[in-house]
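Hello,

Here is the structure I promised to pass on to you. Please have it open while you read, as my notes on it follow directly below.

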Amino acid sequence: MRGSGYFVVMFFCFLAFMGSAEGKLQMGFYSKSCPNAEKIVQDYVDSHIHNAPSLAASILRMHFHDCFVRGCDSSVLLNTTSGTNQTEKLAVPNSTLRGFDFIDRVKSLLEAACPGVVSCADVIALVARDGVVATGGPSWKVPTGRRDGTISRTSEAMNNIPAPTSNFTTLRRLFSNQGLNLKDLVLLSGAHTIGVAHCTSFSNRLYNFTGVLGSQDPALDSEYAAVLKARKCRSLNDNTTLVEMDPGSSMKFDLSYYSLLLKRRGLFQSDSALTTNSTALSLVNQLLQGSLKNFFAEFARSMEKMGRIKVKTGKVGEIRKQCAVVNG
């Protein structure tokens, strides 16, 4: 008769088997199944990102928005196929996302080389990293092996993606929900050092802050607000004009964003919110006192952490043939 020790050993062996069956992210996940996968991605990014360098910021934002809803599973790429279920793409936070065609072109190259092997979720993660690097920003490790989700809901994007109007309490809660801490919040906000935003993301700070037409956010530097109103967003209803998030440095991944925060020139309320908490403000000052190399290293660590949020691996999810639709 077998003793209890045998069953304990077998139980832990079963757990170990289940862990390996579920799989996990790893560097070079496609080294055997699609050896050139990461090179195909990098070569395409290097050849094309300079035609539209602002796409680096756009796809970085796409990666962020994807990971904050159901984990990094490319659910943000799915099109709505019926009136009963509207996907994340249609949610307000994603209405200005760009780069879907870029992701589709990379995916088509990978499908030609290795059909049904590389996930759309990994494509987003790799393109986000390679795009930032190609435009002079930091690099970070991107372990692969993510699988694609099959569910995408507008409501979940609305509830989980931080809005540009978020206050500090909301930001901290939404980041904490994803296993990200206060330091990650400050560092990942630093991605606003590149890219542009529509006036609709912040025009309430200029024209309707308290709900009374003409009221302005007192936390926004008055001179900066005057420039924005005179030269950029000339009315509350402007929904086409694009504004640099880091004026004069929006194509350069640097510490300028944090300097602007201290001058009360963060474009969004969510940027300004970082200065309303003493710990967050201290982290901002530490970054400014440190080197660009240090910021790159710290930003990389937070990106690596974000890229692992609730990933689907092993047999969970699928490998989509086309990123915008689930497999038939």
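Let me start with a pair of neighbours in the helix numbering: Phe-168, Leu-171, Arg-172 and Phe-175 of H7 touch Leu-182, Asp-184, Leu-185 and Leu-188 of H8. Please keep in mind throughout that this is a predicted model. By class, that contact holds six nonpolar residues, two charged ones and no polar ones. The axes of H7 (residues 168-177) and H8 come within 9 Å and cross at roughly 105 degrees. H7 is therefore roughly perpendicular to H8, as the range for that label is 65 to 115 degrees.

Helix H8 (residues 182-189) packs with helix H13 (residues 278-289) at an angle of about 50 degrees, and their axes are 10 Å apart. That angle makes H8 oblique to H13. The crossing of the two is right-handed. On the H8 side the contact uses Leu-182, Lys-183, Val-186 and Leu-187, while H13 brings Thr-279, Ala-280, Leu-283, Val-284 and Leu-287. Sorted by class, the residues where H8 meets H13 are seven nonpolar, one polar and one charged. You will notice Leu-182 in both places: it is listed in the contact with H7 and again in the contact with H13.

Next comes H14, which I would look at with its buried residues highlighted. Helix H14 (residues 292-306) has 15 residues and reaches 21 Å from its first C-alpha to its last, close to the 21 Å expected at 1.5 Å a residue. Its buried residues are Phe-295, Phe-296, Glu-298, Phe-299, Ala-300, Ser-302, Met-303, Glu-304 and Met-306. What do these buried residues pack against? Their partners are helix H3 (55-67), H8, helix H11 (256-262) and H13.

The H3 partner is worth a view of its own. H3 and H14 pack at an angle of about 45 degrees, with 10 Å between their axes. H3 is thus oblique to H14. Leu-60, His-63, Phe-64 and Cys-67 of H3 make this contact with Phe-299, Met-303 and Met-306 of H14. The class count here is six nonpolar, one polar and no charged residues.

Ser-74 is not a glycine, yet has a positive phi of about 60 degrees. Ser-74 sits in the loop between H3 and helix H4 (100-113). Is Ser-74 buried or exposed? With a relative accessible area of 0%, Ser-74 counts as buried, because the label applies under 20%. The other case is Lys-310, also a residue other than glycine, where phi is positive and near 45 degrees. Lys-310 lies in the segment after H14.

Last, a look at another serine. Ser-272 belongs to helix H12 (residues 269-272). Ser-272 is buried too, with a relative accessible area of 13%. Which residues does Ser-272 touch, leaving aside those up to four places away in sequence? They are Arg-205, Ala-219 and Leu-261. The C-alpha atoms of Ser-272 and Leu-220 are separated by 7.8 Å, although the two residues are 52 apart along the chain.

Best wishes

Methods
Residues numbered from 1 in each chain as written. Predicted model: local features only at pLDDT ≥ 70, side-chain atom pairs only at ≥ 80, totals over all residues. Heavy atoms only, no water. Axes fitted to C-alpha atoms, helices over the stretch in contact; angles between N-to-C directions. Helix = DSSP H or I, 4+ residues; strand = E, 2+ residues; numbered from the N terminus. Parallel < 35°, antiparallel > 145°, perpendicular 65-115°, else oblique. Left-handed = near helix turned anticlockwise from the far one by under 90°. Contact = heavy atoms within 4.5 Å. Nonpolar A, V, L, I, M, F, W, Y, C, P; charged D, E, K, R; others polar. Expected span 1.5 Å × (residues − 1). Buried < 20%, exposed > 50% of the residue type's maximum accessible area, 1.4 Å probe, protein only.
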